[in-house]
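Dear colleague,

Please find below the structure for your attention. My notes on it follow, and I would be grateful if you read them alongside it.

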Amino acid sequence: MIVVVATILSYFAKALKQPLILAYLLAGILLGPIGLGALNLSFAGFSIGFNNFEEILVFSELGIAFLLFGVGVETNFSKFLGFGKTILVGGIVQVALTVLFVLLASSFFGVLDFSTAILLGLVIAFSSTAIVVKILSDSHQIGTIHGKLLVGFLLVQDLLVIVALPFIKNFESLFSFQAIFPLALQALLILGFAFVLNKFVYPRVFVSAAKSDELLFLLSVSSCFVFILVGFLLGFSIAISAFVAGVALSTLPYNFEVFHRIKGLRDFFSTVFFVTLGMQISISFAQIPLLVVFILLFAVFLFKPIVFFLITLFSGYGSRASLSVGLALAQISEFSFIIASQSKSVFDHYPGLYSMVILVTAVSMGVTPYVVKETPSIFNF
């Protein structure tokens with residue numbers, strides 16, 4: 001049901017030139033507790049819609065895992081060596097300033113506690129690599145100055161997301177030694193495991209596997225699941241374990257082929273993940289104070305673009321390229337969904353906040369193609 005409804009809505013999204021993620025979220029809303037799930041309908045003994053989606057959360061977790069596994073396979077850390085301080089320092093400063101803005105605004109108006117404000121700031125801080133790169137590719141702008149800057153900022157953000165995710169899971173106990181030490185030990189163990197496989201095992205086994213498309217696919221997926229198992233045994237995040245599995249494969253000569261072999265599986269499970277997120281939207285977002293909504297919207301659509309604009313401008317890239325960078329990054333990342341889902345227990349302190357975050361993310365993704373298209377007109381104005 002999830003796949004069929006998501007496919008039908010994806011056709012409409014494609015026809016309207018909208019990101020497919022919006023179709024997946026809409027499918028979740030349609031099938032979830034505020035859509036068909038509320039009607040308690042059934043056909044041939046099967047429920048139409050979902051009131052309780054606990055049974056599909058395992059697929060949702062696999063969606064996160066394969067999404068990050070694909071990112072890990074594609075990640076080439078040597079690319080970061082060629083980035084100047086604009087990309088590296090600017091990307092880190094932008095995330096820090098966005099989190100600080102949300103924290104200070106929330107404290108000033110007294111609307112959110114410290115933990116929730118920090119996590120909301122992190123959710124807002126990151127922009128969508130998938131949408132921006134797709135727009136740049138479709139408009140043949142990826143080789144322009146602002147295109148290269150955008151890709152650079154987004155790569156830095158993606159890396160920061162990966163670093164942040166393990167800490168978010170235990171955020172409320174983050175600042176204690178008892179929480180940090182086990183996490184550091186788990187990270188060292190799984191990274192050591194990845195190093196051993198990358199240096200001594202993978203080069204040998206992938207030589208023979210590369211001669212068969214089926215074997216290459218199975219070996220790649222098995223590698224992901226082995227790391228998930230190791231991460232589970234160590235008490236480490238499944239999502240980060242899958243990312244490390246991808247990074248362990250990223251330096252192999254076959255990483256391009258591996259990525260394309262697992263792309264279909266990644267897309268399938270990530271579709272389920274985004275539909276499941278849509279199911280979690282409820283009318284409870286109406287309970288959110290208007291001040292919180294204002295902070296959320298201001299940070300996404302004004303503060304972030306201004307910060308990116310100023311960072312790029314003061315780095316000497318001119319006002320036109322700087323404006324193009326700022327406006328193109330005025331949305332929330334698909335990886336922010338992962339942060340939000342792992343932080344749901346914290347967001348639940350404020351009923352409706354989680355639903356509001358998903359709604360604002362969907363809206364920001366939807367308007368991005370139009371904003372990028374109109375950037376020359378906005379610059380002239």
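Lys344 sits over the face of Tyr354, 5.2 Å from the ring centre; a charge counts as over a ring if NZ of Lys or CZ of Arg is within 6 Å of the ring centre and within 35 degrees of the ring normal. This is a predicted model, in which local features need pLDDT of at least 70 and side-chain atom pairs count only at pLDDT 80 or more, while totals for chains, interfaces and linings use all residues. Residues are numbered from 1 along each chain as its sequence is written, and side-chain values use heavy atoms, with hydrogens and water left out.

The whole structure holds 12 aromatic pairs (rings of Phe, Tyr and Trp, the last by its six-membered ring, with centres within 6.5 Å; planes under 30 degrees apart are stacked, over 60 edge-to-face, the rest tilted). Phe66 and Phe225 form an edge-to-face pair, because their ring centres are 5.8 Å apart and their planes lie at 75°. This pair links distant parts of the chain, 159 residues apart: Phe66 belongs to helix α3 (residues 57–74) and Phe225 to helix α10 (residues 213–234). Helices are DSSP runs of H or I, at least four residues long, numbered from the N terminus. Phe66 is buried, at 0% relative accessible area, whereas Phe225 is partly exposed at 36% (buried is under 20%, exposed over 50%, partly exposed in between, with a 1.4 Å probe and protein chains only).

Finally, in helix α14 (residues 319–328), 8 of the 10 residues are buried, among them Leu323 and Val325.

Yours sincerely

Methods. Helices (H or I, at least four residues) and strands (E, at least two) are DSSP runs, numbered from the N terminus.
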